[in-house]
Amino acid sequence: MTTQSAAGSRYRLFLERFPVRRFVLVLLALVIAYGGAAGSIATLRAGRFSGEVWANLFISGVARGSVYAIIALGYTLVYGILFIINFAHGEVFMAGAFTAYFVAVGLASKGMLESNPIISIGILFVVSSLVSMGVAILLERIAYRPLRGAPRLVPLITAIGASLFLQYTFRGFYGANARAYPTIPAIQGTWEIGSFPVQKVHLISILGAVALWLVLFWIVERTRVGREMRAVGEDREIAALMGVDVDRTIVFTFGIGGALAGAAGILYVFLFNQVIFTMGFFPGLKAFTAAVLGGIGSITGAALGGLILGILETVGPNLFLDGAGVPSPNQLIPIVAFGILVLVLIFLPGGFLGAPDDKSRA
Amino acid sequence: MVRLETWLGTHNVSRASLHSPIPARLRQQLWPQERKLERNRLLMKLKNYRGLMALLVVLALVAAACGSSDSDGDSDGSTNGGPPAVCASDAFGCVEVASGDPIKIGSLLVTTGPNSSLGLDSQYGIEMALDYADGTFDDTNITIQGHDVVLVPEDDGCSAEGGTAGANKLAADTQIVAVIGTSCSSAALGTADKILGDKGVTLISPSNTSPALTAEATRNPFYFRTAHNDTLQGAAVAEFAYNFEGVKTAATIHDGSPYAEGLANAFAASFEALGGTITSQDAIQVGDTDFSGVLASIQAESPELLYFPIFVGEGSLLVQQAKTTLGDSVVLTGSDGLWSDDFYAAAGDGVFLSGPDVSAFAGDAALYKDIFLPRYAEKYGSEPLSAFHAHAWDAANIVLGAIEKVAVDSGGTLYIPRSGLRDAIAATSGYTGITGTLSCNGNGDCQPSATIAVFEIVGGKQAADPVFSVVKSLE
């Protein structure tokens, strides 16, 4: 009798303690993971794609991911210091690339793109970075600084408003049409690595992104202004008491983020040589996703998140869905990419490299 | 990630609800005084707004009073003539154009964004038709029984959302007699055709080609088009591929829009009927920029021809990436949705595009070559931006002819019966326009046969003469 009721209460206790929500989430994750694995095995068994095709997809994923990573750095920098999400960052990226288009057309008409590709590419990078930097600094000055003390939700809404404002301002400046970037003959075609042909634009995007990331890492970790940025992110008031000019540091942060976005814009048009005033929206959204995936606030995390997202987008649909018999799997790119994002965030709410508990900083 | 509370900020959130782990509803069940407190809080809130609500009620009353006095004025105005009997018997009534008011014709075309050259080209065609309907180009529109004809342009955005928004705007204006549009099938199918049709407003499109729009099951009785049906174009491209290029295998890509999907399917059906093999039928997303995945999937089946009847934004990128991924041996073919200078510049040479044969319209060739084209160049400062200016011209003239036929003047007010106008357009038979001899069939297709051609892009431009041309007729 007594043992029975003890067993009963233990059973009840188990029911009360049983983490239903977590159980359902884990079950869901297992089902998705099983589906993905089964699809991948079926795809590889069917052997429709050769190793070379997979390698090409992988490289184009890395190239695309590198661009996401560089844009994501802008999100992560601003978040690390101000704890706001600068949703207008995608438009900062568009502003640089779209403005540099006109410079590129000018250079092309003078024949510079053919005769001096390195100088012209340098000019494009400088123009794009400067324009994006200017837009980012103006954005901070006009849209965010007056709201610095306001609750979190306010700058978020402002950011969305600023994003639309910038989009339609640039539509007013440059028109609503998609414009084809002039091609630079020197970076067309492929390079042989070993005996494997890699598209030049892919390699340039990847190397460019690595270089930009290293520069940023050096600035943040090794320079005085980087130390000030980290100090402001740690505690704004104490940093101010220690003699850090907080306003100047924040402007500098937006400036670096903007310049990176402008450079990413040029890498982007190397890959997809077309500009339109809405071009910033999706890359911006995906870079934000990449920043969250890697752990927002972390510079290494942003790069990691960008690469993972890029690879998932190119390799994912064919790998997971093709073998499972899903028709037109590449129409489902966002589902694959964002499904994985949800899956990761269930188990690692802070992303791959984020602080496990953000409470102390936020 | 940030915890929710810090993310939302703690202002405006009551301290009790923030810190208590017990949900509000349960709290109220456990402690009745909580419920009372909540009720009091709500009452206080209402009291604060009492003044505002009173003001709103007064305003509503005033508005209602004004509205009724307005309608009184209308009935006074029409006593000297009175509506003719045809208006009472018409299911949708008449458009009443008071003396001195203009006759309004709407247009619903894509005039912004990457596909704007398609819509602007049609709009120019309509403007020129309204101007020339009296026999001369003089920059003044035709008048019908003493009323000016004016065009009310709206944008269809080349999307279902844009079509809905634009059609709602036009449907809200009861003075709109008929609408010429849409540019893109996605803006019409189930959206603009239904919104306008429900109000008895006739929609006649210069460039919709999706078969679904005039299919028995999905068509709207107030919908017509002067563009060809894509069962014709799909069959023509299949003949180009199988007979002219001599390819036996082909793959298709569409972007989920009714235009692209309808055309890809029509092509696939005809290509297989000719004896060819469709290796894969794929789809992409509007707004995508990287097509390496879908191209790898197509390459795995190694087709000899890739047919992508999509639009400019994605088409430009797709064709560039297809050239590097698939190599030079695969024939790249698109359709009239890609007729745009932006696409020619981006795509480069060696790409084929199908569409209506502008070099051999079967209609009034003298009118087109000697009067229309020179005027177009003079007025808009360019070669035609696309192919459908001619179809738009014909659509506008059919609408004008129908209005002249059914409009009844009564005491200075012009009455245009809505169903009557629809029936007059449906009865169009043997009308000689620019694009050919037009006769509307029972499903709303006014182009019974069309010459479909395939053009090559040469030197960053579409070649003037087609490489392939064939006449196709609806059964």
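Mentor: Residues are numbered from 1 along each chain as its sequence is written, and chains are lettered from A in the order in which they are written. Since this is a predicted model, local features need pLDDT of at least 70 and side-chain atom pairs count only at pLDDT 80 or more, while totals for chains use all residues.

Trainee: How many helices and strands are there in chain A?

Mentor: Helices (H or I, at least four residues) and strands (E, at least two) are DSSP runs, numbered from the N terminus. Counted that way, chain A has 14 helices and four strands.

Trainee: And what does the secondary structure of chain B come to?

Mentor: Chain B has 475 residues, 52% of them buried; buried means under 20% relative accessible area, exposed over 50%, partly exposed in between (1.4 Å probe, protein chains only). Its secondary structure comes to 17 helices and 19 strands.

Trainee: What share of the 362 residues in chain A is buried?

Mentor: Picture the C-alpha atoms of chain A in a box of roughly 95 × 65 × 40 Å, taken along the principal axes. Of the residues in chain A, the buried share is 49%.

Trainee: How are H8(A) and H11(A) oriented, roughly parallel or roughly antiparallel?

Mentor: Two packed helices are described by the angle between their axes and the distance between the axes. Axes are lines fitted to C-alpha atoms, for helices over the stretch in contact, and angles run from 0 to 180 degrees between N-to-C directions. The axes of H8 (residues 200-222) and H11 (residues 246-271) of chain A come within 9 Å and cross at roughly 170 degrees. Angles under 35 degrees count as roughly parallel, over 145 as roughly antiparallel, 65 to 115 as roughly perpendicular and the rest as oblique, so H8(A) and H11(A) are roughly antiparallel.

Trainee: How many charged residues does the contact of H8(A) with H11(A) have?

Mentor: Contact means heavy atoms within 4.5 Å, and among the residues making this one are A:Leu212 of H8(A) and A:Leu260 of H11(A). Ala, Val, Leu, Ile, Met, Phe, Trp, Tyr, Cys and Pro count as nonpolar, Asp, Glu, Lys and Arg as charged, and the others, Gly among them, as polar. The tally is 13 nonpolar, three polar and, for charged residues, none.

Trainee: Over in chain B, how do H7(B) and H15(B) lie to each other?

Mentor: H7 (residues 116-132) and H15 (residues 365-380) of chain B have axes 11 Å apart, at an angle of about 110 degrees. H7(B) and H15(B) are therefore roughly perpendicular.

Trainee: How many charged residues does the contact of H7(B) with H15(B) have?

Mentor: Residues making this contact include B:Asp121 and B:Glu127 of H7(B), plus B:Arg375 and B:Lys379 of H15(B). By class there are eight nonpolar residues, no polar ones, and the charged ones number five.

Trainee: Is B:Thr202 buried or exposed?

Mentor: B:Thr202 sits in strand S6 (residues 202-205) of chain B. Leaving out residues up to four places away in sequence, B:Thr202 touches several others, including B:Val177, B:Phe224 and B:Ile425. Its relative accessibility is 1%, so B:Thr202 counts as buried.

Trainee: What about B:Ser302, buried or exposed?

Mentor: B:Ser302 lies in the loop between helix H12 (292-299) and strand S10 (305-307) of chain B. Its phi is near 35 degrees, a positive value in a residue other than glycine. With 55% relative accessibility, B:Ser302 counts as exposed.

Methods. Side-chain values use heavy atoms; hydrogens and water are left out.
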